[in-house]
Amino acid sequence: MKAIDCAFEFRDDDKMPVGYQHIDCHMIFDVKITLDRKARYVAGGHQTEPTKDITFASVVSRDSIRIAFTVAALNDLEVLSADVSGAYLSATAAEKVYTTAGSEFGPDKAGRPVLITRALYGLRSSGKAWRDHMASTLRDFGYKSCRADPDVWMRAKTKPDGFQYWSYILVYTDDLLIVDHEPKVAMDYLASRYTLKPGSVKEPDSYLGAQVSKFYIDGADDPLKPRWAMSSEKYVKQAVSDVETELEKVDQILPTRITTPVSQGYRPELDQSRELDAKRGQYYQSLIGVLRWICELGRIDVLVAVSMLSRYVVSPREGHLQQLFHIFAYLKHHKRSKMVFDDTEPVFNESSFKICDWSEFYPDAEEAIPQDCPMERGNSVVTSCFVDADHAGCKATRRSHTGVILYVNKAPILWYSKRQNTIETSTFGSEFCAMKTAIDMIEGLRYKLRMMGIPLTGPTSVFCDNESVVRNSTAPESTLKKRHNAIAYHRAREAQAAGFIRVAWESGDTQIGDLLTKLMPGPRLRELIGYVLW
C-alpha cells in the first residue's frame, strides 16, 4: 500500500467535506503474460454519476508510431522507450469522492473515512486527469501537441552539425517513445517528474505487444544503417498457445499442414452450420479481437480472412469458429511477421504516369493544405499507394471488397480491408469505389505528415490494376458512362487535378493490394506477402 499512500488523505476529525460522495474500493490481482504478478487498488467509479465532460485518455495512433520509426531512420535519430509507474496516481482526482479504509491500510486506520485525492484507477475521470497532467508536463518542456494526432508531441531541434528536425514524444497512456538525436535529455526530464519503471528506459525491444528491433537491409545503399522493424511473433505465439489450451479442454487440436488462413474454397457468408451459444459466441468475439490486433501489428496476410469473419461477431456459427482456429493454425506454422520501416526512397517508372492539363476541367482544384502547418524540418519523404477491389466478392450480397495499403518511402504505414457498402454491377465500378477510399486515406496521411512537420515530395503515386479506371482517371477527355459512379469518378480526377495523386497501371502479378481483397492459394499468398513482411 505504500505505493498508493499519496492517493489518500486521512482527516483528523474523520469528517468529510460537504459535497463528497462515498464509494467502495477493492484490490485486483493479475498474472501478466510475462508471468509477473500485479496488484492494483481500484475505486468503484461506477457508483458515481456519469460526467458530462470527456473522461477517457486518448492514445497515439498506430500509424503515427510507424511514421515515427520511419523518421528515426530517415533523420538518423535515436529512439528510447519507458513506462511510467503508477501513472494515474501522478494526477489529481477530479471527482469529489471518499472511501472507508480497509484492513489493508493497517489496524490503526481501518474503518476510518479517507479522501481520494489522486486519479485512482476505476474513477470515471482518471484517464483524462492523467492525460491532462502529462500534457502539462510536456508543454513545460517545450513540446506541443500535433494537430493530426494529439498524442504525438513535437519540438523543433537542431543537431550539432546544424541539421534541423522535429523531436517527437509519443504517448500511449503510460508508455512513452522518444525520437530524438539525444533522447536521454528528454527522458531525464520526465524521470524528474515521474517514477519510471526500473529497466524500462532503453531502446525499445517491445511496444504495444509487438517486438521491436533494429534491422539491417542487405543490398541497401547503406547496409550498415539501421532501420526499425516490428514483429508480432511473441504475441502470436502466446495467442496460439491460449487457443490450444482451450481446445485441449474439448479434446481438439489445431489443424496441421496449413497453407492458407482459411480452408480452400470456404466462404463465411455461405456457412449454414448451427449458431453458437452465448458462451462460445463471446469466445468467438474475443478471438476476433485478438486477431484484429495481430493484423494491426503487421500480419496483413490474414487481414482479409479476419475482415470477412468479423462480419459475424453478432451471430457467429460453428463453421466460423472453426475457421478462426484455422487462422491460428496458419499463424502457428507461418511465422514470417517482421515489418521493416524502410526509409529508402522508392524508384518508380516515371513513364507509367501520364502528365495531363486539367486546368479546363477542374480549374479550382487544389490540395487542401492547412494554414497552420508547422515548419518542415528533416529529410523529405514520398508516398505511394496500392489499391484493389474484388468485384462481387461476397457470394451472398455480391458486394465487392476494397483493399488499400499506403507507404511512406518503403515503409508500410496504413492498410485497409473491408467490404464495400454498395453493390457495383461491374469491376470498373468496384475499382473506382476502392480508388475513392484510397484517396480519402491518402489525403489523411498527407495531412498527418504535414502536421508532423515532415517534408513531402511530389504527389502520392497510386497503383491500380484496372486499365479502365486508370484511363478514366488520367485522361481529362474521358467520359463517364455509368453515372452512379460519378462521385468516385470525379473524386479521383479532381485529386489528380489538385496534384496530390498520380495514377499508374500495375500488373496483377505485383499488385500488393490483392493481399487485402482476395482469399488466394498458398503459393500466391507467400509471393505477395514477401513484398511486405520479412
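Contact is taken here to mean heavy atoms within 4.5 Å. The model is a predicted one, in which local features need pLDDT of at least 70 and side-chain atom pairs count only at pLDDT 80 or more, while totals for chains, interfaces and linings use all residues. Residues are numbered from 1 along each chain as its sequence is written, and side-chain values use heavy atoms, with hydrogens and water left out.

Leaving aside neighbours within four places in sequence, Gln420 is in contact with Ala389, Arg399, Ser400, His401, Thr402, Ser430, Cys433 and Ala434. This residue sits in the loop between β18 (411–419) and α8 (427–451); helices (H or I, at least four residues) and strands (E, at least two) are DSSP runs, numbered from the N terminus. Gln420 is buried, at 6% relative accessible area (buried means under 20%, exposed over 50% and partly exposed in between, with a 1.4 Å probe and protein chains only). The side chain of Gln420 forms a polar contact of 2.9 Å with that of Thr402, and also reaches the backbone oxygen of Ser430 at 2.9 Å. A polar contact is a pair of N or O atoms within 3.5 Å; within protein, one must be able to donate a hydrogen and the other to accept it, and residues adjacent in sequence count only if both atoms are side-chain atoms.

Turning to helix α7 (residues 318–333), 13 of its 16 residues are buried, so the helix is largely enclosed by the rest of the structure.
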